[in-house]
Amino acid sequence: MAHIHEDSWWSLNVSAPKSGRPPTAVTQEKIELVRFLLIENLIITYQRLEKCVDIGSAAITNIINDHLKYRNIVSKWVPHSLTEPKTWSR
(Lines give C-alpha, C1' and ligand atoms only; values in the text may rest on other atoms or scores of the structure.)
Protein backbone atom coordinates (compact mmCIF):
# COMPACT_ATOMS: atom_id res chain seq x y z
CA MET A 1 0.00 0.00 0.00
CA ALA A 2 1.39 3.40 -0.96
CA HIS A 3 1.97 5.99 1.72
CA ILE A 4 0.47 9.42 1.04
CA HIS A 5 2.19 12.37 2.65
CA GLU A 6 0.06 15.05 4.28
CA ASP A 7 1.60 17.67 2.02
CA SER A 8 0.76 15.80 -1.19
CA TRP A 9 -1.24 17.55 -3.91
CA TRP A 10 -4.30 15.37 -3.24
CA SER A 11 -4.59 16.18 0.44
CA LEU A 12 -4.16 19.88 -0.29
CA ASN A 13 -6.87 19.93 -2.94
CA VAL A 14 -9.53 17.88 -1.14
CA SER A 15 -10.85 20.86 0.79
CA ALA A 16 -10.03 23.48 -1.85
CA PRO A 17 -13.06 25.39 -3.13
CA LYS A 18 -14.29 24.24 -6.51
CA SER A 19 -14.96 26.52 -9.44
CA GLY A 20 -18.26 26.61 -11.29
CA ARG A 21 -21.84 26.89 -10.15
CA PRO A 22 -22.66 26.19 -6.52
CA PRO A 23 -24.69 23.07 -5.72
CA THR A 24 -27.64 25.40 -5.12
CA ALA A 25 -28.13 25.70 -8.91
CA VAL A 26 -30.88 23.09 -8.57
CA THR A 27 -33.74 24.74 -6.67
CA GLN A 28 -37.40 23.85 -6.33
CA GLU A 29 -38.27 26.83 -8.51
CA LYS A 30 -35.99 25.60 -11.32
CA ILE A 31 -37.31 22.06 -10.99
CA GLU A 32 -40.86 23.36 -11.45
CA LEU A 33 -39.76 25.49 -14.41
CA VAL A 34 -38.17 22.46 -16.12
CA ARG A 35 -41.32 20.42 -15.40
CA PHE A 36 -43.47 23.16 -16.99
CA LEU A 37 -41.19 23.42 -20.04
CA LEU A 38 -41.26 19.65 -20.57
CA ILE A 39 -45.04 19.51 -20.28
CA GLU A 40 -45.44 22.39 -22.73
CA ASN A 41 -42.97 20.98 -25.28
CA LEU A 42 -42.18 17.27 -25.09
CA ILE A 43 -39.52 17.54 -27.79
CA ILE A 44 -37.49 20.34 -26.16
CA THR A 45 -33.72 19.81 -26.23
CA TYR A 46 -31.22 19.89 -23.38
CA GLN A 47 -29.59 22.96 -24.93
CA ARG A 48 -32.91 24.82 -25.04
CA LEU A 49 -33.64 23.89 -21.42
CA GLU A 50 -30.20 25.14 -20.37
CA LYS A 51 -30.86 28.51 -22.00
CA CYS A 52 -34.41 28.87 -20.66
CA VAL A 53 -33.56 27.92 -17.07
CA ASP A 54 -30.04 29.41 -17.12
CA ILE A 55 -28.26 26.45 -15.51
CA GLY A 56 -25.67 23.98 -16.77
CA SER A 57 -26.14 20.65 -18.48
CA ALA A 58 -25.28 18.61 -15.37
CA ALA A 59 -27.98 20.41 -13.37
CA ILE A 60 -30.54 19.91 -16.16
CA THR A 61 -29.67 16.20 -16.28
CA ASN A 62 -29.97 16.00 -12.49
CA ILE A 63 -33.40 17.66 -12.52
CA ILE A 64 -34.78 15.54 -15.37
CA ASN A 65 -33.44 12.18 -14.20
CA ASP A 66 -33.31 12.43 -10.40
CA HIS A 67 -36.01 14.94 -9.44
CA LEU A 68 -38.63 14.55 -12.18
CA LYS A 69 -37.87 10.88 -12.99
CA TYR A 70 -38.23 11.45 -16.73
CA ARG A 71 -36.43 9.69 -19.55
CA ASN A 72 -36.24 10.29 -23.27
CA ILE A 73 -38.11 7.80 -25.45
CA VAL A 74 -38.29 8.37 -29.20
CA SER A 75 -37.37 12.03 -28.74
CA LYS A 76 -40.15 12.75 -26.22
CA TRP A 77 -39.81 13.18 -22.48
CA VAL A 78 -42.02 10.73 -20.59
CA PRO A 79 -42.25 9.72 -16.92
CA HIS A 80 -40.36 6.58 -15.90
CA SER A 81 -43.53 5.11 -14.45
CA LEU A 82 -45.15 4.47 -17.83
CA THR A 83 -45.61 0.83 -18.67
CA GLU A 84 -44.50 -0.53 -22.01
CA PRO A 85 -48.05 -0.65 -23.52
CA LYS A 86 -48.72 2.93 -22.38
CA THR A 87 -45.39 4.03 -23.84
CA TRP A 88 -46.27 2.60 -27.26
CA SER A 89 -49.76 4.12 -27.21
CA ARG A 90 -48.31 7.64 -27.06
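Colleague: What share of the contacts in the chain with a separation of 6 or more comes from residues 24 or more positions apart?

Modeller: Contact means heavy atoms within 4.5 Å. Residues 24 or more positions apart account for 46% of the contacts in the chain with a separation of 6 or more. This is a predicted model, where local features need pLDDT of at least 70, side-chain atom pairs count only at pLDDT 80 or more, and totals for chains, interfaces and linings use all residues. Residues are numbered from 1 along each chain as its sequence is written, and side-chain values use heavy atoms, with hydrogens and water left out.

Colleague: Where is confidence lowest and where is it highest in the chain?

Modeller: pLDDT is the predictor's confidence in each residue, from 0 to 100. Helix α1 (residues 9-13) has the lowest mean, 50, and α2 the highest, 94. For the chain the mean is 77, with 64% of residues at 70 or more.

Colleague: What pattern does the chain follow along the sequence?

Modeller: Helices (H or I, at least four residues) and strands (E, at least two) are DSSP runs, numbered from the N terminus. Here the order is α-α-α-α-β-β-α, that is, five helices and two strands.

Colleague: Which residues have the most contacts inside the largest nonpolar core?

Modeller: A nonpolar core is a set of buried (under 20% relative accessible area, 1.4 Å probe, protein chains only) Ala, Val, Leu, Ile, Met, Phe, Trp, Tyr and Cys residues joined through side-chain atoms within 4.5 Å. The largest has 16 residues, and V34, L38, L49, I55, I60, I64 and L68 have the most contacts inside it. At least two of its residues come from each of α2 (28-40), α3 (46-53) and α4 (57-67). Beyond its neighbours within four places in sequence, V34 is in contact with V53, I60, I63, I64 and L68.

Notes: Buried < 20%, exposed > 50% of the residue type's maximum accessible area, 1.4 Å probe, protein only.
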